[in-house]
Structure formats: structure tokens, C-alpha cells
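Open the model in your viewer and switch to a cartoon view. The stops below say what to select and what is there.

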Amino acid sequence: MESLNGQTPFGVAGDDVGYLFDPFADLLNQREAIGFGNQAFRVVIIDRLLANEIIRANHYSKRVYSASTLHLGVYIDANMVGVLQYGFAMNPASADSVVAGTAMSEYLELNRMWLSDAAPRNSESRALAFSIRLIRRVRPTVKWIQSFADERCGLFGTVYQAAGFSYHGEHIGIFWELDGDFYHNSLVTNGKSGGPRAMAIRAGLDRATRHKLRQFRYLRFLKPRFAKGCRYPALPFPKPDYAP
């Protein structure tokens with residue numbers, strides 16, 4: 001059983017079972033986890049540039065998020081079939097508004113996730129579960145993880161429900177669609193946003209279509225006691241309103 005570089009990084013029985021380790025660090029007696037899973041299915045820390053390239057090519061947004069700090073590749077055997085990127089929320093210091101007393105180092109937001117259609121059914125929830133096991137090891141200060149399901153995806157967060165997340169309500173997000181691309185309303189309203197995307201949507205706002213989209217908040221507490229300060233109560237999972 002080998003990794004992509006020909007080494008054998010897989011964990012052994014005990015606390016390390018399931019974790020994948022850097023074989024070169026092992027030679028220096030530095031037990032550094034680089035992934036979780038096995039040869040058949042695993043998540044592994046990858047380079048930011050590689051993760052960004054894959055997200056740009058495959059994610060429905062076609063956009064990367066600059067505040068992502070943890071980049072994971074999803075592998076089946078020797079094939080990469082997906083990417084997950086974790087990092088800060090849009091407002092990095094907003095964690096206390098979700099769970100009281102949370103410092104910036106004590107949470108992560110799932111900023112981007114993409115898995116190939118070629119991956120087996122339930123691969124997304126499995127990749128999420130494996131990534132959380134890895135986060136416990138490599139980011140031990142993290143107490144909870146947040147993600148939002150976008151109404152544009154159509155399933156209202158089914159993958160998070162299957163991965164043990166709890167549902168904490170929804171809000172309406174304002175987006176502008178221009179020439180086939182979507183822009184968050186903050187690029188229009190925030191005068192400090194001076195990047196090329198902000199300039200593009202402001203210049204073309206008269207041609208843009210305004211959308212009100214539901215955003216569904218999901219949280220995964222790494223220990224039950226960490227939920228004590230949550231400012232949003234857990235609710236029954238939302239269900240799509242299918243037309244008759």
C-alpha cells in the first residue's frame with residue numbers, strides 16, 4: 001500500500017489508526033499527520049495552488065476564496081477526485097456572533113468543496129467525515145466547523161446532514177448575475193471592495209439581474225460541549241419545497 005510518492009505513510013493500530021503520515025518526518029521522529037483514510041479512499045493535505053486550480057476548473061462558482069488556510073485533496077487509489085478548502089468566514093472575526101467566546105483560531109468554515117461525478121455515491125459525506133478527523137489532529141484548537149448550503153445547489157445541505165452536521169437556520173443572500181457570473185452583494189455595497197470583481201459588477205450593475213437566494217447554515221461541533229454557546233438554535237433539517 002503506497003502513497004503517491006512511493007512511500008508508505010498509513011497509520012498503525014492505536015491512536016494513529018486511519019491517519020496518514022509524512023514518511024520523511026517519521027525518519028526524524030516527527031509524527032506529522034498529512035491525511036486520513038486508506039489507499040482506497042483518503043483526504044490528504046495538498047498545495048494551495050493545486051487546490052485553487054482544481055476549484056477554478058470545476059466548482060460551480062469558478063472562484064477561489066483567498067482566506068482558505070487548509071487545502072485537502074480527495075483521492076480514490078491514485079486518482080484525485082475532489083478538493084475541500086477550509087478557512088475563515090467572510091468576516092474572519094465574526095465567529096463570536098455564531099458561538100459565543102470563539103476565537104479566530106477556534107473555528108473553520110468550509111469555503112469550497114468539489115467532488116467529481118465519477119466518485120461513488122456518498123463520497124462527499126465520507127470526504128467531509130475524513131476531513132473532520134484530520135482537522136482534529138492538525139488543528140487541535142478548532143472547536144466547530146461551519147458551512148453554508150447554497151440554494152443554487154438544489155439539495156439544501158443533504159451532504160452535511162449525512163456527515164453529522166446540525167442545521168441552524170437560514171438567511172437570504174443577495175447576489176447579482178452578470179454575463180453568466182454571480183457576485184455577492186457585498187461587492188456592490190462595500191465601498192472598501194476595490195478589486196476587479198467589485199469594479200466589474202459596479203460597472204455592469206444596470207445590466208445585472210438581482211437574485212435573493214436562501215443560504216442554509218450547518219455546524220459541526222467537534223465536542224458536544226462546544227455547542228453550549230451557540231447563538232443559533234439547532235432546528236429540524238430543511239426540506240426542498242418540490243412543486244406538485
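**Stop 1: helix H3**

Select residues 123–138, which form helix H3. In this predicted model, H3 lies across E1, strand E2 (33–37), strand E3 (42–45), E4, E5, E6, strand E7 (144–150) and E10. Its direction is at about 145 degrees to E2.

**Stop 2: the sheet**

Now select the strands. Ten of them form an open sheet with mixed pairing, in the order E1-E2-E3-E4-E5-E6-E7-E10-E8-E9. Which strands are at the edges? They are strand E1 (19–21) and strand E9 (181–184), each pairing on one side only. From one strand to the next, the twist averages 35 degrees.

**Stop 3: E8 and E10**

Select residues 166–178 for strand E8 and residues 209–221 for strand E10. The two pair in the antiparallel sense, over ten bridges.

**Stop 4: helix H2**

Select residues 48–58 for helix H2. This helix lies across strand E4 (68–76), strand E5 (79–87) and strand E6 (107–115). Relative to E5, H2 runs at about 105 degrees.

**Stop 5: the whole chain**

Finally, select everything. The protein chain has six helices and ten strands. Of its 244 residues, 45% are buried. Among contacts with a separation of 6 or more, 67% come from residues 24 or more positions apart.

Methods:
Residues numbered from 1 in each chain as written. Predicted model: local features only at pLDDT ≥ 70, side-chain atom pairs only at ≥ 80, totals over all residues. Heavy atoms only, no water. Pairing = 2+ DSSP bridges. Helix = DSSP H or I, 4+ residues; strand = E, 2+ residues; numbered from the N terminus. Axes fitted to C-alpha atoms, helices over the stretch in contact; angles between N-to-C directions. Contact = heavy atoms within 4.5 Å. Buried < 20%, exposed > 50% of the residue type's maximum accessible area, 1.4 Å probe, protein only.
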